[in-house]
Number of protein chains: 2
Amino acid sequence: MAEDVALGHSSEKFIFKGVLTQMVKKRSKQEDSKPIRITPLGGCGEIGRNMMTIEDNQTMIVIDAGVMFPEHDMLGIDLVIPDFSYVREHREKIKAIFITHGHEDHIGALPFLLREIQVPIYATKLAESLIMHKLEEYKMQDMAQIQIVSDGERVQVGHFEVEFIAANHSIPDDVAMAIRTPLGTIIHSSDFKFDYTPVGKQGSHLSRLAQIGAEDVLLLMADSTGAARPGSTPSESIVQDAFEDIFRAAPGRVIITTFASLLARIQQAINVAAELHRVVTITGYSMKQYVGIAQELNYLDIPKDVLVDVREINRYPDNQVVIITTGSQGQPEAALERMADERHRDIQIKPNDTVVFSATPIPGNEEDVSRVINKLIKLGAEVIYPPLAPVHVSGHASQEEIKLLLTLVRPQNYLPIHGELRHLHANANIAQELGLSADHIFQIENGDTLLIHSNGKMEIQPQSTKGEYIFVDGSGVGDIGPAVIHDREILSRDGFIIIGVQWDQAAGTIIPPIDLVSRGFVYLRESAPLMQNARNQLTATLEQFGPGTSKRKLSEALRKDLQRYLFKETRRRPMIIPMITYI
Amino acid sequence: MAEDVALGHSSEKFIFKGVLTQMVKKRSKQEDSKPIRITPLGGCGEIGRNMMTIEDNQTMIVIDAGVMFPEHDMLGIDLVIPDFSYVREHREKIKAIFITHGHEDHIGALPFLLREIQVPIYATKLAESLIMHKLEEYKMQDMAQIQIVSDGERVQVGHFEVEFIAANHSIPDDVAMAIRTPLGTIIHSSDFKFDYTPVGKQGSHLSRLAQIGAEDVLLLMADSTGAARPGSTPSESIVQDAFEDIFRAAPGRVIITTFASLLARIQQAINVAAELHRVVTITGYSMKQYVGIAQELNYLDIPKDVLVDVREINRYPDNQVVIITTGSQGQPEAALERMADERHRDIQIKPNDTVVFSATPIPGNEEDVSRVINKLIKLGAEVIYPPLAPVHVSGHASQEEIKLLLTLVRPQNYLPIHGELRHLHANANIAQELGLSADHIFQIENGDTLLIHSNGKMEIQPQSTKGEYIFVDGSGVGDIGPAVIHDREILSRDGFIIIGVQWDQAAGTIIPPIDLVSRGFVYLRESAPLMQNARNQLTATLEQFGPGTSKRKLSEALRKDLQRYLFKETRRRPMIIPMITYI
């Protein structure tokens with residue numbers, strides 16, 4: 001084994017040097033151990049939709065089952081979930097689902113997964129509560145058996161023992177996992193950052209990671225989301241100073257928007273409000289839901305009489321009011337957007353309001369967020385958003401924190417997870433910079449398997465399964481594929497035009513008039529001449545055909561002809577649908 | 001006038017204090033001067049589409065005529081241009097068009113504007129050349145008379161005298177303008193930054209701005225694009241150090257992508273290539289076009305034998321090659337995207353390639369850029385992009401530079417231009433922070449007029465004209481409005497379904513079968529039962545009607561019925577088009 005471990009680390013680099021002997025000593029592999037396979041079904045090659053399976057010959061466990069929010073070109077799609085084929089094929093081996101934390105990109109696909117497999121779910125207290133609320137929405141609350149776990153607890157499943165380790169993230173109750181296997185210990189970092197001055201029920205068990213690092217860690221799987229960001233992510237608590245400055249300066253109400261699950265942020269807004277004798281009201285569906293759950297479970301510390309109902313705020317002077325609301329991503333139906341559009345039932349924006357975006361736009365949401373900010377300014381509000389003031393910090397580790405994790409855990413092998421390929425790659429580069437040799441760093445994508453041989457050597461098996469996008473659209477799951485999306489794309493660009501023709505089969509002539517119906521193509525009221533010319537053109541085309549002409553032939557001629565004509569006249573290519581009635 | 005000027009500046013703040021007496025002394029207004037009206041038609045409330053008019057009773061001048069690139073919800077739109085109604089109404093007064101620089105968002109609407117008015121255009125050398133190339137594309141090169149102007153020159157038009165002042169930006173030959181009017185001097189900053197170590201034919205005439213600032217400047221109009229960014233924008237020249245590090249470390253070819261108009265960046269890539277004995281090839285349509293123009297006009301300093309044709313690069317070892325390419329915004333048809341998709345004719349990505357994104361994504365392009373980066377990494381290339389290395393700087397002033405501009409020019413009044421409302425507002429806040437009083441700072445949007453009375457007082461006249469978006473789609477200009485876009489939106493979400501029905505008018509019954517055609521709704525091959533049930537349902541619905549039923553009534557019934565059924569079954573709302581043939 002000595003060469004094997006030595007191979008893993010280029011000896012010039014310092015962090016992995018001191019520990020080599022120790023690691024070799026501790027390592028004692030059972031000769032009859034079976035290989036282990038790690039297969040990400042989501043989250044390795046994208047932000048979101050995190051899910052992986054870990055298995056030996058007898059047992060498979062699942063870690064997380066999240067959704068991804070659709071990108072701009074996934075037209076009309078509501079959610080993207082992992083492809084469960086691999087889970088389906090190994091249904092009988094699956095013994096448990098482990099959840100790292102309660103964010104949508106880690107729990108959002110559970111309602112769909114539970115239709116396939118029903119095994120015990122292990123989750124922390126807050127995650128459990130969020131899962132149950134989600135399952136209630138899907139009327140599936142009876143389908144899950146969830147065990148609540150917490151920092152330091154261990155669960156044995158087959159040959160795997162999973163230990164939960166408190167981690168710090170932008171939601172409370174995040175846990176990393178140390179998975180002890182017959183081949184060695186595997187650590188899953190979960191989404192994490194290191195915060196020395198966290199807010200609320202947070203904490204990252206740095207010393208526990210260091211202890212386990214002193215053991216022989218076979219593999220570290222670590223969050224890559226922030227791996228392209230140099231430096232360290234600032235502590236959550238820096239936001240409180242910014243809030244204090246803003247609240248003190250605000251001549252009227254303060255309206256704060258952030259992620260509903262970012263309870264530490266909400267706590268800080270409440271702290272500052274209470275300190276400056278402002279009451280707080282909560283608005284927006286998910287904000288009310290999360291704050292409700294957090295209050296029930298004691299995750300928010302709210303002084304007496306601070307929280308008031310939204311309909312009561314008009315009883316207080318403006319400079320004694322704070323409103324915490326949904327809408328930090330510019331979502332069209334969120335409470336803040338309704339305020340910006342002057343269609344919120346209870347809250348009208350006033351010129352002395354100060355609106356704080358305590359969030360940055362998730363890539364893809366920039367335009368929506370800008371639009372809401374602009375509307376609020378137009379209504380006279382002062383709007384504060386990053387980088388105007390330090391009112392947001394990320395929940396993910398930057399490069400220096402990833403280095404700290406690697407330094408504490410000193411793994412023999414490294415598997416970047418959670419992120420687009422570029423993030424995984426940046427994360428792999430960090431490990432290499434710290435001295436781990438390239439052949440002990442594995443860059444895999446959804447559907448690939450990292451196979452751990454019984455001697456501890458690892459190799460990538462490409463595409464053990466498809467890591468494909470499964471689209472959820474309305475109540476349909478997986479019934480929308482690339483062809484339908486492609487049609488939506490054409491329609492979104494240039495609309496369509498229907499050619500309604502009645503064809504006298506016996507005579508081999510049309511029965512006029514030709515009916516043209518279009519949507520999304522041109523403004524019809526101003527396009528009468530264009531349409532009339534098109535009709536004339538098509539009529540002429542049909543005159544070339546006689547009795548016995550097939551529908552297919554007529555359709556083809558009409559389509560080609562109209563396409564050519566419309567492109568010449570408009571430089572557009574609407575979808576053309578001939579509808580021919582044989583009479 | 002003394003109170004008037006004093007009003008303009010709160011005396012506690014320092015920068016405007018010392019100059020008050022001087023300004024009052026210098027000010028001498030002709031009693032019979034006529035009011036001046038400044039009306040932005042674009043660029044005040046958005047990024048892009050910059051255009052404004054300045055007029056007195058006799059003369060109107062236009063500054064810039066740019067395009068905006070469509071946002072995500074402007075489905076199928078190619079370009080957005082300003083609404084020219086105001087220009088059209090004052091056609092006879094318009095005497096000249098002044099161009100600040102050659103970026104698309106300042107010259108792109110000229111081909112459309114020149115169809116309305118044909119007056120002399122004043123532009124710097126590079127801008128002139130770019131305009132002529134653009135007009136050639138539209139076959140309009142004979143419609144423009146362009147006068148080339150440069151730093152220090154002055155042009156008299158009616159009562160206005162325009163002096164050009166070299167400014168620094170992300171394209172050479174940018175000019176600010178000092179417009180002397182009977183009511184005082186108006187300064188237009190153009191897009192700008194202050195760069196003390198510029199690259200190439202750049203330069204900002206700081207001392208000239210200071211000289212004019214010593215005169216009585218009535219109004220400063222200044223670029224707001226970077227006004228929400230604290231600090232100063234780094235110098236263009238810092239990028240060269242990053243390039244040197246990257247080129248030296250690169251084991252093989254270096255492929256650099258940036259904006260084609262960012263000649264200073266291209267110059268730096270060429271400098272470092274020449275220094276390290278690498279040849280350079282240029283690829284991508286607009287990159288070749290801009291480099292061609294720049295060479296012709298001597299805006300690039302290219303050592304002999306450095307530039308080679310793309311088909312010759314395979315004759316050099318990989319570590320002696322640099323490729324400069326289009327595609328920094330992830331554009332689907334740009335050369336870099338074609339390389340990433342393995343469909344570029346001459347260049348195949350190799351594992352030892354280093355690709356440098358010397359640009360940041362314009363808001364809205366993040367997903368496209370990420371996708372290209374991920375594809376390149378997948379092909380084995382090392383990809384470097386901000387913030388992994390300092391390979392890009394902005395061309396727009398940040399907050400400290402805007403403060404410097406204000407301090408040099410010391411205007412009596414301030415009009416933020418060029419930016420979304422939030423940028424204009426951030427810019428206004430900067431002026432207020434520097435001591436200019438709020439009633440001398442004007443936040444106006446497209447279509448509003450800033451009216452300067454003959455006594456020098458200013459007021460906003462809201463909506464003198466519509467500042468509306470005019471959409472260019474194919475060859476159509478302005479024929480696509482909100483209704484068509486709305487239809488495209490519905491179609492992009494859930495597609496459409498056509499109900500083809502033949503109706504026996506005499507009998508008052510349908511002639512079966514009902515024909516259902518859909519696109520973008522469901523995958524048809526898997527939806528046969530859904531469609532059959534829908535047909536049965538619709539047939540039943542039609543049985544309720546008899547002879548004499550109007551088409552409208554039948555249509556309405558079919559539409560409602562199918563919508564209800566499909567929503568119940570699929571939770572989707574496709575557009576429904578009944579096509580009823582009366583027989």
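Predicted model: local features only at pLDDT ≥ 70, side-chain atom pairs only at ≥ 80, totals over all residues.
**Domains of chain A**

The domain assignment divides chain A into three parts, listed below.

| Domain of chain A | Residues |
|---|---|
| domain 1 | 2–20 + 36–231 + 396–477 |
| domain 2 | 238–384 |
| domain 3 | 495–582 |

Between the C-alpha centres of domain 1 and domain 3 of chain A the distance is 56 Å.

**A sheet in chain B**

Chain B has an open sheet of eight strands, with mixed pairing. Read across the sheet, the order is β7-β6-β5-β3-β2-β1-β19-β20. The edges are formed by β7 (146–148) and β20 (458–461) of chain B; each has a single partner strand, so one side of each lacks a neighbour in the sheet. From one strand to the next, the twist averages 20°.

Within this order, β1 (residues 36–42) and β19 (residues 449–452) of chain B run antiparallel and are joined by three bridges. Across this pair, Arg37(B) stands opposite Leu451(B) in β19(B). A helix also packs on the sheet: α6 (residues 125–137) of chain B touches β6 (121–123) and β7 of chain B. The direction of α6 makes about 155° with that of β7(B).

**The contact between chains A and B**

Chain B and chain A each bring 58 residues to the contact. On the side of chain B that touches chain A, the elements that give two or more residues are the helices α12 (366–378), α14 (421–433) and α15 (482–494), together with the strands β23 (496–504), β24 (509–519) and β25 (575–582). Of these, α15(B) gives the most, with eight residues. By class, this side of chain B has 24 nonpolar, 17 polar and 17 charged residues.

One helix pair that spans the two chains is α14 (residues 421–433) of chain A with α12(B). Their axes come within 8 Å and cross at roughly 55°. Because a crossing between 35 and 65 degrees is neither roughly parallel nor roughly perpendicular, α14(A) is oblique to α12(B). From α14(A), the residues Leu421(A), Arg422(A) and His425(A) take part. They meet Ser370(B), Ile373(B), Asn374(B), Ile377(B) and Lys378(B) in α12(B). This helix contact has three nonpolar, three polar and two charged residues.

Note on methods. Residues numbered from 1 in each chain as written. Chains lettered and ligands numbered in written order. Domains from an automatic or database assignment. Pairing = 2+ DSSP bridges. Helix = DSSP H or I, 4+ residues; strand = E, 2+ residues; numbered from the N terminus. Axes fitted to C-alpha atoms, helices over the stretch in contact; angles between N-to-C directions. Contact = placed C-beta atoms within 7 Å. Nonpolar A, V, L, I, M, F, W, Y, C, P; charged D, E, K, R; others polar. Parallel < 35°, antiparallel > 145°, perpendicular 65-115°, else oblique.
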